[in-house]
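Please examine the structure shown here together with the explanation that follows.

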Amino acid sequence: MPDSNSDLASRLSVLPRSMFSSDEERITYLEQRLNMKIDPVGTGDTVAIAVGTAFFGITLIFIITAWINRNFRPIRAKNLPMVTILFVTGFLWFVGDIPMNGHVLFKGAFSNCKEWNIWARVLFCFWYTTGLIVRCYALDRVFNQNKPTRGIAYYAPSAVLVLFYLCYSIVTQAMPDRLTVGFNSQLEVCTTTNGYQYVTIGILWVNWIIFSIMMIRLRNIQSTFNEFYESLFILGFGVAAMIKTTVVHFTHSKYTLILGYRMAETIGDAFICNGVILVIIAYPVIRSVYRAKEYERKWLLRLRTDGLQDMYETNMKLRAEMPLQYSRMNGSATTNQFEKNMMGGEADEGNYFDMHAYSNKDRKDETGKALKLNSGVYMADDDMQPSPHVGRNDIAAEESGNRRRPHFDRRSLNSLDMMEAPEKVRHIL
């Protein structure tokens, strides 16, 4: 977020000709000129940097653990590469916060206010929120639009956003300091204009509005990949950050000179940035090291009950060689045999998403008797039994009952290597 001491430059237009002999003399002059108490850089600023770094250190442990256990399917479902990009952009955003929130003296490299503000703080804050939008767009494209996460149509919106923010940074860098961000070398303070501040914060608000729209679109996808509630928490973090930033920057324009405000800004940004990432990956990462096999089996069972039967029935009119498309689903259960295969680890993601519709025409058993399809199981007429729809709350009862469903035909499931849909799943995973 850009610092917003917007009228500071005009208030300090008349300066003494000689440089100050000490920081104390400089601060005294500023207090007289601005008629306010100024807190010099000190222990509080070190604490703010340490706390923010600790937040990122904790998140880094989760990221490393996630990559170590990257084949754990609930982790793969979280789009780990994009989560890692969020971490990197968030950390660089935090690095830009350190000088721009006044936690260090503006000397040497830290005196390049414009570069720190535009190319570290603002740009990576933009790209961080863009990463959240891209994650939602990937889920929406696969599960709502029934389209793969590849090709120009998929990458174009993300590329447009990334390039737009890059161009915005280039343009603002090329503009005169008096119109954007400047550095007063004699008083060693950064100044920012109202116009730059309004535009930058406005763009961030637009990003969060786009994210909220994408979040609403995710509410109807199958529950295994449904991140509506996670996105709701993330939106809460984002709105809280924007309200904090907007209020502080517009009501306390010289907040970088006050220890409490600058600490709150830096620690608040670091907490929200890492909180968003942990909302996404913390639970599956913890379960990957604690009773991982049990959790993965439950996750796979939930994946099955999220609509394999509905997927099959909805697409019965498709020809056998045509892969089924993703669809929004409600809970239903298939055969116990399939469940046993899933729980025994005999199948992978392809078994869930890559069924082909088989016509029951001309299907016969070993005795020549015509077979009919009942929820993925071919049965003889006299053995036909209804295949009840089972909700998630009935899974345990179904497991204990283990009702007989004869003649399960594995041909109704195709392998991962033969299908198009698993590629979509692997892209989103």
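Does Phe228 count as buried or exposed? At 18% relative accessibility, Phe228 counts as buried, where buried means under 20% relative accessible area, exposed over 50%, and partly exposed in between, with a 1.4 Å probe and protein chains only. This is a predicted model, in which local features need a pLDDT of at least 70 and side-chain atom pairs count only at pLDDT 80 or more, while totals for chains, interfaces and linings use all residues. Residues are numbered from 1 along each chain as its sequence is written, and side-chain values use heavy atoms, with hydrogens and water left out.

The confidence of the prediction is considered next. The pLDDT is the predictor's confidence in each residue, on a scale from 0 to 100. Its mean over the protein chain is 74, and 66% of the residues reach 70 or more. Helices (H or I, at least four residues) and strands (E, at least two) are DSSP runs numbered from the N terminus. Helix H3 (residues 43-68) has the highest confidence in the protein chain, with a mean of 97, and helix H12 (residues 308-314) the lowest, at 34. Over residues 308-363 the pLDDT stays under 50, and the model has 170 contacts for this stretch beyond four places in sequence, a contact being heavy atoms within 4.5 Å. Residues 371-429 also have a pLDDT below 50, with 159 contacts in the model beyond near neighbours in sequence. Where pLDDT is low, the predicted coordinates should not be read in detail.

The aromatic side chains come next. A pair of aromatic rings is described by the distance of the centres and the angle of the planes. Rings of Phe, Tyr and Trp (its six-membered ring) pair if their centres lie within 6.5 Å; planes under 30 degrees apart count as stacked, over 60 as edge-to-face and the rest as tilted. A search of the whole structure finds 21 such pairs. One of them is the stacked pair of Phe110 and Trp116, at 5.7 Å centre to centre and with 25° between the planes. Both residues are partly exposed: Phe110 has a relative accessible area of 31%, and Trp116 has one of 21%. Phe228 and Tyr229 form a pair with centres 5.4 Å apart and planes at 75°, and it is therefore edge-to-face. Whereas Phe228 is buried, Tyr229 counts as exposed at 60% relative accessibility. Elsewhere, one aromatic cluster is formed by Phe126, Phe164, Tyr165, Tyr168 and Tyr196.

The cysteines may be taken together. A disulfide is a covalent bond between the sulfur atoms of two cysteines; here it is assigned to a pair of cysteine sulfur atoms within 2.5 Å. The count by this rule is one disulfide. It joins Cys113 to Cys190, with an S to S distance of 1.6 Å, and the link is left-handed, with -70° about the S-S bond. Because Cys113 lies in helix H6 (residues 113-143) and Cys190 in strand E2 (residues 189-192), the pair ties together parts that are 77 residues apart in sequence. Both Cys113 and Cys190 are buried. Cys125, by contrast, is in no disulfide. The sulfur of Cys273 has its closest cysteine sulfur in Cys125, 8.6 Å away, which is too far for a bond. Cys125 is buried at 1% relative accessibility, and Cys273 is likewise buried at 1%.

Strand E1 (residues 181-184) and E2 pair in the antiparallel sense over four bridges; two strands pair if DSSP finds at least two bridges between them. Val181 stands opposite Thr192 in E2. Val189 and Thr191 point one way from E2, Cys190 and Thr192 point the other way, and all are buried. The hairpin has four residues between its strands, and Glu188 takes a positive phi near 55° there.

Further backbone features remain. Asn35, in the loop between helix H2 (23-34) and H3, has a positive phi near 55° and counts as exposed at 71% relative accessibility. Asn79, in the loop between helix H4 (73-76) and helix H5 (80-100), has a positive phi of about 60° although it is not a glycine; Asn79 is buried, with a relative accessible area of 13%. In helix H10 (residues 259-289), a kink of about 50° lies at Ile281, shortly before the proline Pro284. The bend at a residue is the angle between axes fitted to the seven residues ending there and the seven starting there. Just after H10, Arg291 takes a positive phi of about 55°.
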